[in-house]
Amino acid sequence: MRFVFKTSYDADISLFKHRAQAVWYGLLLLLVLATPLYFVAIGDAYLLGEITGMLILAIAGMGLMLLTGHTGLPSLGHATFMALGCYLNINLLGAGVPWVIAFPLSGLIAGLLGTMIALPVLRLHGVYLALATLAMSMLTGDFVVIAEPWTGGIAGAAVPDINIFGMEINRYSTPYKFYYLVLFVAIMIVWFYRNLLRTPTGRSFTAIRDSEISARAMGINLTQTKALSFFLSATAAGLAGALFGHSAGYVTNETFDLVMSITLLLMIVIGGLGFIHGAFFGAIVVGIIPVAIANGRTFLATTFDVNINVPGLESALFAFILVCFILFEPMGLYGRWLKIRTYFELFPFYRKDMFKRQKSYLKTDRIQ
Amino acid sequence: MSLLEITDVTLRFGGLVAVDNVSLKVEEGEVFALVGPNGAGKSTIFNLISRFYDPAEGSIRFDGHDLLKNSADQVPGFGIARTFQNIELFEQATVLQNLLVGRHRHRQTGMLSNIVFSPKAYREELRHRAAVEEVIEFLNLQHYRDKMIGGLPYGVRKVVELGRALASEPKLLLLDEPASGLSVEETQDMAFWIEDIQKQMGISVMMVEHDMGLVSAVSGRVMALSDGKELATGTAAEVQSHPAVIEAYLGTGEISKTGTSRA
Ligand SMILES: Nc1ncnc2c1ncn2[C@@H]1O[C@H](COP(=O)(O)OP(=O)(O)OP(=O)(O)O)[C@@H](O)[C@H]1O
Ligand SMILES: [Mg+2]
């Protein structure tokens, strides 16, 4: 077990708890930076495209994680904010705005519009908020059709290539550049996210998640703080949507559908609610399942001559995994990892109920 | 002018008059105790001061401000901090993080400077940590500093909640049953802390407490309530021997002159 000695308050404030942790994250950074080398070596960038897709999902997932995992507000409508970001980006680029401006701007406007949409429903709690955002997500496709002049409606819209000061980036023709671009955006958002969590803004979010009564008694304005969380969350989703558009190349009224909203929510639950890591673990699972199913099918067909062609197998498997997580691993994949690590750090003193969430005392006559 | 002035306040829950035309004053630097049988309306008075409830009638003034013109989240800004009868901590956070939320009313940086962790935000963090570290030392919480609330024993949670309130550096501290559920030794500690809070930190304290031993030990003036109405106000001994108070407690066995028994 490592002991963290407090030499100054810097130990609490800095991004990494101790030297070893900084080294691990440094190695991870090197690994993700070097990943394209492998694909250059094998001369096939198909899988790199899949990895880039996971990163884009993780960006959207971080947006939702901030809202749901750290502020305690569920949303079943985050695909809507992705759609906003994507179409804003397309239109800004179409109007001749350079990408370096159009991209962040579409995220910010998506965030603002998202907050305006969310303000009336922010007073709702739990399941009601989930239902309101669900309704929003169900309407998104229709709005895309109605807004045909900007969205191309049912026929869809082609997403222009990225151009950064003359450098053209396209998912297919320059997969490596696209990967690094998405990676850069993801790392920036992780950095912003970490900063939030170690400063008053992030603490006011988690305070609301854990006890609204106490948060108010500490001077936190619920409506303003929730709106701020929604804004940041929708902005990240908008940025992810814009990148998703570049990755897909072509988007229609069916791209940002309800399934995508639900997938995002499932993703962060599987990954581990309340941890930034959770967004990435979840994105990896969501990214791997279709690939695994496809490979499994081919394997069964070629080796045993068994052909499985069940429609909806992916969703069913996904739902099954989710149910298993909620039943057996409510802290998600990241929680499982924490438990394994603690086990080895404390060996042989690990107690089975170490991570058990304690029942709170006497919540009977709470105010409200 | 008193620090806190509650004048003719009435609050009804449907047909039930939870607080019935109550007036009281808390002076700067005093420990003021509210006692009374269960359901007397003590916690409700705290919730009125916190602005969780709107009184039907009356006024509540604090330090020259009309609290009724402000919302619940503005109350701490005037220098009022509180604990809850049933402990309302941020369960999925550490002790340190809980205390840091207590610093919220002193925050000086906004979201933008937080998100890029500007030098100003960094300096502000250092100040908050220093202030919180003092509270941790005062309440002897070093051992629990980085522990999650979820796994802490009841007695420690009570202390953490007191710490979170202290971290906000209030002028008035509202303690709702600070000793309920505590062992004899823990209650003793609580009494010492309340004395230090009043004498050394110069913070006024208003507390609700059933333990008359603690009440007599630390408070200057005591008000007894029953069914939302004031029965008597005076020193602990005066209140305990007041006929109306004895009558209100008759058969409940909650109050005693020796000050050892409690509900
Ligand atoms: N939110 C509420 N809605 C309806 N009635 C309430 C509410 N809160 C309190 N009451 C009622 O108001 C009365 C006063 O309650 P309060 O909690 O202030 O009592 P108390 O003096 O703090 O008692 P205790 O010693 O048990 O904590 C009780 O009869 C209680 O049932
Ligand atoms: Mg009470």
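## Ground rules

Two strands pair if DSSP finds at least two bridges between them. Helices (H or I, at least four residues) and strands (E, at least two) are DSSP runs, numbered from the N terminus.

This is a predicted model, in which local features need pLDDT of at least 70, side-chain atom pairs count only at pLDDT 80 or more, and totals for chains, interfaces and linings use all residues. Residues are numbered from 1 along each chain as its sequence is written, while chains are lettered from A and ligands numbered from 1 in the order in which they are written.

## Chain B as a whole

Chain B has 9 helices and 10 strands. Its C-alpha trace spans about 65 × 40 × 35 Å along the principal axes. For 263 residues, a compact globule would have a radius of gyration near 18 Å, and the 19 Å of chain B agrees with that. (The radius is taken over C-alpha atoms, and the globule rule is 2.2 Å times the number of residues to the power 0.38.)

## An open sheet and a helix across it

Let's start with strand 1 (residues 4-13) of chain B, which pairs with strand 4 (residues 57-62) of chain B in the antiparallel sense over 5 bridges. One residue pair to look for is Glu5(B) with its bridge partner in strand 4, Arg61(B).

Both strands sit in an open sheet of 4 strands in chain B, with the order 2-1-4-5 and antiparallel pairing. Strand 2 and strand 5 (65-66) are the edge strands, each pairing on one side only.

## Around ligand 1

What gives the most to the shell around ligand 1? That's helix 1 of chain B, with 3 residues. Helix 1 (42-49) and strand 2 (16-26) of chain B each supply at least two residues. Among the residues around the ligand are Phe13(B), Leu16(B), Lys42(B), Ser43(B) and Gln85(B); to be counted, a residue needs its C-beta atom, placed from the backbone, within 6 Å of the molecule.

Is strand 9 (residues 221-226) of chain B mostly covered or exposed? It's mostly covered: 5 of its 6 residues are buried. (Buried means 20 or more other C-beta atoms within 10 Å of a residue's own, exposed means 12 or fewer, and partly exposed is in between, with C-beta atoms placed from the backbone.)

Strand 9 of chain B pairs with strand 3 (residues 31-35) in the parallel sense over 4 bridges, and 5 bridges join strand 9 to strand 10 (residues 229-234), which run antiparallel. Ala224(B) is the bridge partner of Val35(B), and Ala224(B) also has Ala232(B) as its bridge partner in strand 10.
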